[in-house]
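Hello,

Please keep it open while you read.

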Protein chains: 2
Amino acid sequence: MVHPLGVALPIVQAPMAGSQGSALALAVTRAGGLGSLPAALLTVPQLRAELEAIRGASVRPVNVNFFCHQIPPPDEERERRWRATLAPYYRELDLDPAAIPEAAARVPFNAETATVLAEFEPPVVSFHFGLPDDNLLARVRSWGATILSSATTVAEARWLERRGVDVIIAQGVEAGGHRGMFLGDDLTTQVGTLALVRQVVGAVRVPVVAARGIADAEGVRAALALGAVAAQVGTAFLRCPEATTSAVHRAALAGAGAEHTALTNLFTGRPARGVVNRIIRELGAIHPAAPAFPLAATAMAPLRARAERVGSADFSPLWCGQNTSGCRAEPAGLVVRGLARVGETT
Amino acid sequence: MVHPLGVALPIVQAPMAGSQGSALALAVTRAGGLGSLPAALLTVPQLRAELEAIRGASVRPVNVNFFCHQIPPPDEERERRWRATLAPYYRELDLDPAAIPEAAARVPFNAETATVLAEFEPPVVSFHFGLPDDNLLARVRSWGATILSSATTVAEARWLERRGVDVIIAQGVEAGGHRGMFLGDDLTTQVGTLALVRQVVGAVRVPVVAARGIADAEGVRAALALGAVAAQVGTAFLRCPEATTSAVHRAALAGAGAEHTALTNLFTGRPARGVVNRIIRELGAIHPAAPAFPLAATAMAPLRARAERVGSADFSPLWCGQNTSGCRAEPAGLVVRGLARVGETT
């Protein structure tokens, strides 16, 4: 039987914007899994360059992943409160709070990116935070792409199935990085992978990928036992040489502190899981003044840049799932083969 | 090979204080799993009566479960704030806030319960919220009982192993009822079952039971794939005729609202997962004024009693895990056999 994702091994590498590009995606695809290119932080020329790199290097599918959030209207009062909250840190790091540059905000999938994408016709396209509007989605469908999106609740899975998604990624609360939640913002609705996957498999007819908390072959086998067609794995790839994970992020993942992660809105405005660091400890993981996604990132960026320059992760988003046990500094091909070992034999 | 829990099937019924007694435990044990008697809410005479019922009915092991929290010192100021928070509800339900009776507080395992227990020498004894002190633990060991306790983090699992626990229950965040956390109270440390079980299995040498989010045979198979020796299941038993689950609780579990649970401290003072109901929606799941465990229960009790009398679950703890898909009104023996179906054949 042909796997619904066209892969030899039931492993999907989770797209991790900011920590990887085409190199990791290609390494995973070469090893027999489904590599993913995260496009959320790419400019249009960068996206084109990455897609060219993939076209030049692989005949097997690589998934291209986009965010499809709404850009919120500016909220000056909230931004003012957020900058006031961060002001003591600006003083400590000797930064000018009046000279915060416009940061490159995460841009949702739009007509321009759809046009670039159409030049390359990638066979697998995935979305996070729901789906783009019907017209944009129809353009992606036009070249026969397999379309994936993430569900964090049964209700989201049903919604995605009604919209015609081909494969649903059931994203458990263990996941590092941004929660894909899009039908609500109540974190108490967010469910563990084990519970979520079984319920989603029971609620929809399309294939389901089990996402997160999976870091080894036993985890993959458990995902398949739950009825998933593949396991999506992110954190285990973050220390691969093919990833672009920063030095402070790699150090945090390798340390004992990686056992302690939290869902935080401090870095972008949306809840995302990362290693608890100084700013999370001091402000709390969820702060009411943090501007709506993706705007919270702007005022945090100068703090992060200044701190990282001296090797400090105090203000960096250290995205990380709840299971770092598979996160080693080894080539992605080895990680894929390790994950698939037991999966192959069942 | 003899199973470390002495069972024919790798199913442990989670003790659920307030929702079951010996009848459910015996039904599960008869079906080949490990039934559990929750003792946290029992008086000493009630405990003795339940242990007599078990001794009279079963030659196979039944697990007896105790809480081992510390009773906190009274905090008048916090109690005052808590009662002020609840005052509008007292007015609405026409209850006298000056006449709140002393509720039967959850009592930790102590010398008196140890003495009763020694009369019966149950072969399996489990603890929640850590372990009792060394003397009490030695008394339980004296008759050769297999001792279990819950870990919600890798650090807790290591701590329990150092204290000589025989089997560790890795309790994922999906679990209904009280979180077993005892080395800290930071909810961000609480991990999904899939991630937790693999990490605990890797960190300790004693057998591990995978707890929660498991509601069917595929879930059990996944738990075994993760390296667990058994799956602990709670919610799937709550609607069994052998359970003592209240009518409003049963109705909540059967409704669509059961998809939405939260960790709340409103009912007892400790975070426990239940279906989101009116009091959680209106006060928020975690309230800073709620007195320390188990004292928050006292002022909530009259509201609950009055509301339940008219069929309302507005003030009731509707304990429930994140996967109610296996929760049907059918005999416990059927539930056990359904859970074990695939587990047996792998």
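Leaving aside neighbours within four places in sequence, which residues is A:Ala252 in contact with? They are A:Gly257, A:Ala258, A:Val275, A:Ala313 and A:Leu318, where contact means that the C-beta atoms of two residues, placed from the backbone, lie within 7 Å.

This is a predicted model, in which local features need pLDDT of at least 70, side-chain atom pairs count only at pLDDT 80 or more, and totals for chains, interfaces and linings use all residues. Residues are numbered from 1 along each chain as its sequence is written, while chains are lettered from A and ligands numbered from 1 in the order in which they are written.

A:Ala252 belongs to helix 9 (residues 247-254) of chain A; helices are DSSP runs of H or I, at least four residues long, numbered from the N terminus. A:Ala252 counts as buried because it has 23 C-beta neighbours inside 10 Å, the cut-off being 20 or more other C-beta atoms within 10 Å of its own, placed from the backbone.

Between the chains, the contact takes 34 residues from chain A and 34 residues from chain B. On the chain B side, helix 7 (193-203) and helix 8 (217-225) each give two or more residues, and helix 7 of chain B has the largest share, six residues.

As for confidence, pLDDT (the predictor's confidence in each residue, from 0 to 100) averages 93 in chain A, with 98% of the residues at 70 or above. Over residues 342-346 of chain A, pLDDT stays under 50. For the complex, the predictor gives a pTM of 0.90 and an ipTM of 0.83.

Regards

Notes: A residue is buried if 20 or more other C-beta atoms lie within 10 Å of its own, exposed if 12 or fewer, and partly exposed in between; C-beta atoms are placed from the backbone.
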